[in-house]
Structures are given as C-alpha cells and as structure tokens.
Amino acid sequence: MSFALPSISDAQSTFASPFFTRNMSPIIQIFGLPAAQGGDLTPAGHTDSTLALETANNFTWDQKGEESVWFDGETSRATLFLSHGIAPRWEIGLEVPIVSHNTGIFDGFIENWHDAFGLPQNGRKDTPRGQIDYSYDRGGSTSELSMSDTGTGIGDLTLHLGYQLIQSSPGNRRALALRGGIKLPTGDSDRLRGSGATDLHLGLALTDAQSLSRYNLTLFASGGVLWLTEGDILADQQRDMVGFGSLGFDWAPWRLVSFKLQLDGHSSFYKDSALDQIDSASAQLAIGGTLHLGDTDSVDLCVTEDVVVDTASDVVFHIAWKHRF
C-alpha cells in the first residue's frame, strides 16, 4: 500500500508548514522573534490567514550571587497573521498579537502530568497555585523587573515581506524564500506586551517536499538574524543582535492527517547574567500535527517543551487555524 501526496497547483500549495510558534518566556515574547515559516510564499492574488492561540505556563526560579529570578504565571498570545501575494514571487504580511498575562490555570494539570511521567516538580508543589509573579533582581535598591498584574492588550505589530528565491514545481518540490520584517512598538512594555522598541529580522526559509517524498516526509528549515533597538525591559543588559533558527519534519501517512516535529532555537537576548533564564541560548521542541480540512483549511495542534531547561516556558499549548482565500 502506498500513500500519494496531492498534486501542487498555483492556487494551493500542498507543502507542510511549520508550527507558527515562538519562545513564550515573558521576557522573550516581547521582542520581534519571528515564528517559523516555510519556503513557499502565498501565490499572487491570494491571501493566507493564520489565527494562532498559544498558552504558556511559566514556572522557574534561581538565585546566584546577588541575582535572583522568579517567573510564575501564564502568558497567552492570540495572533492573527495575514499574508498576501502582491505579485509573482512577492508577499506582504501583517501580524497582530493580543497578549495576556494571567494566573496559572494549568498549574494543577501540569503537576499531575509531571507526577504521571516521573518528571521533577522543581518546587511547583511548594508554591501556591494561581499566582502571577514575573520578577528579576540584581541586588540593587530596586528590582530590574517586577510584574504581578493580570491583563490583556494588543502587543507589538509586525510587518512582513517575502521574496521567492526558488519556486517549487511538480518536478522539483522545493521552495526557498527570503523573509524579513519590522516589529513596531505598539504594545505596553510596562505590562510585558511589547519591548518598547523597533526590531528588524531577515532570514531564509526552506521547504523540501522532494528529497524524502518516498517516506511521505517534508523537511522545513529556516534561520536568520534579529536586530534589536534599545527597549524598555532590562535595557542595560539587552543585546543588539540575536540569531534564530528552526528545523522540522512533517510526516503525512494519510491525506487528512500529518504529524510534525519541530525544533526552534535562538541565541541569548540578554547579557551580564549568571542565570539561564536571563542570559542563555534557548531551544524548544514542538510535537503535534495537522488536520487538513479540504483544500483551503487546516488546523495545527502541538505541545512545546523547553529543551534547554529554564530558557523558555515549561510547556506551551498551541492551536492554529489556517485558511487560504
């Protein structure tokens, strides 16, 4: 028995697409770190929409010397991403996030999950449930960061631009795109809904559905550089440049369902700290899949864990609906 992938048309790409997710640490999600995207752009005259909802449960703490950090709470991000093919090989896009910081409604579930699989709690059971406290102190007279307010509001908007370097064809199902964007300071940095500054990113994105097609596997990879202007959060420790990358596979044993594994990473956003939560490269592993609902709609579901412990949220629950007009 064999499983054939659907054919490619100009109107509808059959390429697998990466999970539209990113590091949801409360002090990382404020920046313009782009979510992973594929190498195939939106065809001219069409519009792709993604509505993604991520809820991240944060619980990490540490103390070294005069430094101490405490991240306990939940951060959610609802993102509407629209991309439009304005001409052959060219795409523009707009990303609008709504950011919410709340108490930990998933605390009990995660504690039970850790118990069921023998995972360490790292102090979770010794801490009251249902609180929010994002704080960092370097031993000065005032804390570098202190945020314990719940609330919801618009985050930093991002404008995107893409150019198709290599376009796929039925005989060569590989696509490479140059992608860039500018993040604008539209969110409230005091409430950790934005950084208070403008960020720029530029990178390459590859989708390869050809090389491993006999196994119904699609490879997607991306990488680039993010340039940061001085923001409001830990401004004296913020770096000017961050590298980022993503690598993933989509396995499609059936036409309607595929399974994905995706590794996202980036270099450190901050410096001059001995704490991994502040000054460390990060990597997150997303595991899940896609339900394909006809030619124009799909739904992504995944769970993300911090591979490099304490550099990202403990766990992130992700769902995204994608539609092509």
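## Strand 3 and its partners

Val-99 stands opposite Gly-153, a residue of strand 6. The model is predicted. Strand 3 and strand 6 (residues 151-154) run antiparallel, joined over four bridges. Strand 3 also pairs with strand 7 (residues 158-166), again in the antiparallel sense, over six bridges. Here Glu-91 has Gly-162 of strand 7 as its bridge partner.

Strand 2 (residues 67-87) pairs with strand 3 (residues 90-102) as well. This pairing is antiparallel and spans 13 bridges. Strands 2 and 3 form a hairpin, with two residues between them. Arg-89 sits in that turn and has a positive phi of about 80°.

The salt bridges number twelve. One of them joins the side chains of Arg-324 and Asp-48, at 2.5 Å from N to O. The pair links distant parts of the chain. Arg-324 belongs to strand 15 (residues 315-324), Asp-48 to strand 1 (residues 47-64), and 276 residues separate them. Both Arg-324 and Asp-48 are buried.

Asp-300 and Lys-260 also meet through their side chains, at 3.2 Å from N to O. Asp-300 is buried, and so is Lys-260.

## A loop-to-loop pair and a network

Arg-138 forms a salt bridge with Asp-236; their closest N and O atoms are 2.7 Å apart. Both ends are in loops. Arg-138 is in the loop between strand 4 (133-137) and strand 5 (145-147), while Asp-236 is in the loop between strand 10 and strand 11. The two are 98 residues apart. Arg-138 counts as partly exposed because its relative accessibility is 25%. Asp-236 is partly exposed too, with a relative accessible area of 48%.

Salt bridges also form a network, which links Arg-22, Arg-77 and Glu-95.

## A negative surface patch

Which residues form the negative surface patch? They are Asp-188, Asp-190, Glu-230, Asp-232 and Asp-240. Glu-230 lies in the loop between strand 10 (217-228) and strand 11 (241-251). Is Glu-230 buried or exposed? Glu-230 is exposed, because its relative accessible area is 63% and the cut-off for exposed is over 50%.

Terms used:
Residues numbered from 1 in each chain as written. Predicted model: local features only at pLDDT ≥ 70, side-chain atom pairs only at ≥ 80, totals over all residues. Heavy atoms only, no water. Pairing = 2+ DSSP bridges. Patch = residues over 30% accessible without salt bridge, like charges linked within 9 Å, V, L, I, M, F, W, Y side chains within 5 Å. Areas by Shrake-Rupley, 256 points an atom, 1.4 Å probe, with all protein chains shown as cover. Salt bridge = Lys/Arg side-chain N within 4 Å of Asp/Glu carboxyl O. Lys, Arg positive; Asp, Glu negative; His and termini not counted. Charge placed at Lys NZ, Arg CZ, Asp CG, Glu CD. Buried < 20%, exposed > 50% of the residue type's maximum accessible area, 1.4 Å probe, protein only.
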